Amino acid sequence: MRLLVISDSHGRKSNIFDIIEMHIDDADYFLCLGDCSGGDDFEYAKAYFGDRLNIISVCGNTDWYSTEPAVRELKFGGKKSCSATGTPSVLNFPILI
């Protein structure tokens, strides 16, 4: 399984679309680590790629209207991981790697 990590598009929807288009056939999931305009940056890509696009995301420090959580636990390829925005107030717990 292949996971492609993206973040910090800050409203540049065409950049996100280009990255997704480039990797849609070889990435199983796209993980957004925040600052993607509350998920709005994926709007065109979701409409274009439909069910082929699997996005997992967390809310970034500039995603004020996002409904995504700031921290998310993932199971991917049989492994557990934690994804979170880098905002210090969110990371008030130890993360063991």
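## Overall fold

The chain has two helices and five strands. Along the sequence they follow the order β-α-β-α-β-β-β. The model is predicted.

The chain holds 97 residues, and 33% of them are buried. Its accessible surface is about 6300 Å². Carbon and sulfur atoms account for 51% of that surface. Take the contacts between residues at least 6 apart in sequence: 64% of them join residues at least 24 apart.

## The buried face of helix H1

Helix H1 spans residues 13-23. Its buried residues are Ile 16, Phe 17 and Ile 20. Viewed down the axis of H1, these buried residues fall within an arc of 100°, so they line one face of the helix. An α-helix has 3.6 residues a turn, so residues three or four places apart point the same way.

What covers this face? The cover over the buried residues of H1 includes strand E1 (3-6), strand E2 (29-32) and helix H2 (43-49).

Leu 53 sits in the loop between H2 and strand E3 (55-57). Its relative accessibility is 10%, so Leu 53 counts as buried, the limit being under 20%. Beyond residues up to four places away in sequence, Leu 53 touches Ile 20, Ile 24, Phe 30, Ala 45 and Lys 46. Ile 20 is one of the buried residues of H1. Leu 53 and Ile 20 are 33 residues apart in sequence, yet their C-alpha atoms are 8.2 Å apart in space.

Ser 57 belongs to strand E3. At 11% relative accessibility, Ser 57 is buried as well. Neighbours within four places aside, Ser 57 is in contact with Cys 32, Glu 68, Pro 69 and Arg 72.

## Aromatic rings

The whole structure contains three aromatic pairs. One of them joins Tyr 48 and Phe 49. Their ring centres are 4.9 Å apart, with 85° between the planes. That makes the pair edge-to-face.

Which of the two, Tyr 48 or Phe 49, is buried and which is exposed? Tyr 48 is exposed, with a relative accessible area of 57%. Phe 49 is buried, at 8%. Phe 17 is itself among the buried residues of H1.

## Salt bridges

Side chains of opposite charge can pair when their charged atoms come close. The structure has five salt bridges. Among them is the bridge between Glu 43 and Lys 13, at 3.9 Å from N to O. Glu 43 lies in H2 and Lys 13 in H1, so this pair ties together parts that are 30 residues apart in sequence. Glu 43 is partly exposed at 42% relative accessible area. Lys 13 is partly exposed too, at 24%.

Another bridge joins Arg 52 and Asp 25, at 2.5 Å from N to O. Arg 52 is in the loop between H2 and E3, and Asp 25 is in the loop between H1 and E2, so the pair ties together parts that are 27 residues apart in sequence. Arg 52 is partly exposed, at 46%. Asp 25 is exposed, at 69%.

Arg 72 and Glu 68 also form a salt bridge, at 2.5 Å from N to O. Arg 72 is partly exposed at 25%, and Glu 68 is partly exposed at 28%. Both residues are in contact with buried Ser 57.

Key
Residues are numbered from 1 along each chain as its sequence is written. This is a predicted model: local features need pLDDT of at least 70, side-chain atom pairs count only at pLDDT 80 or more; totals for chains, interfaces and linings use all residues. Side-chain values use heavy atoms; hydrogens and water are left out. Helices (H or I, at least four residues) and strands (E, at least two) are DSSP runs, numbered from the N terminus. Buried means under 20% relative accessible area, exposed over 50%, partly exposed in between (1.4 Å probe, protein chains only). Contact means heavy atoms within 4.5 Å. Accessible areas come from the Shrake-Rupley method with a 1.4 Å probe; for residues, only the protein chains shown count as cover. The arc is that of the directions from the helix axis to the C-beta atoms. Rings of Phe, Tyr and Trp (its six-membered ring) pair if their centres lie within 6.5 Å; planes under 30 degrees apart count as stacked, over 60 as edge-to-face and the rest as tilted. A salt bridge is a side-chain nitrogen of Lys or Arg within 4 Å of a carboxyl oxygen of Asp or Glu.
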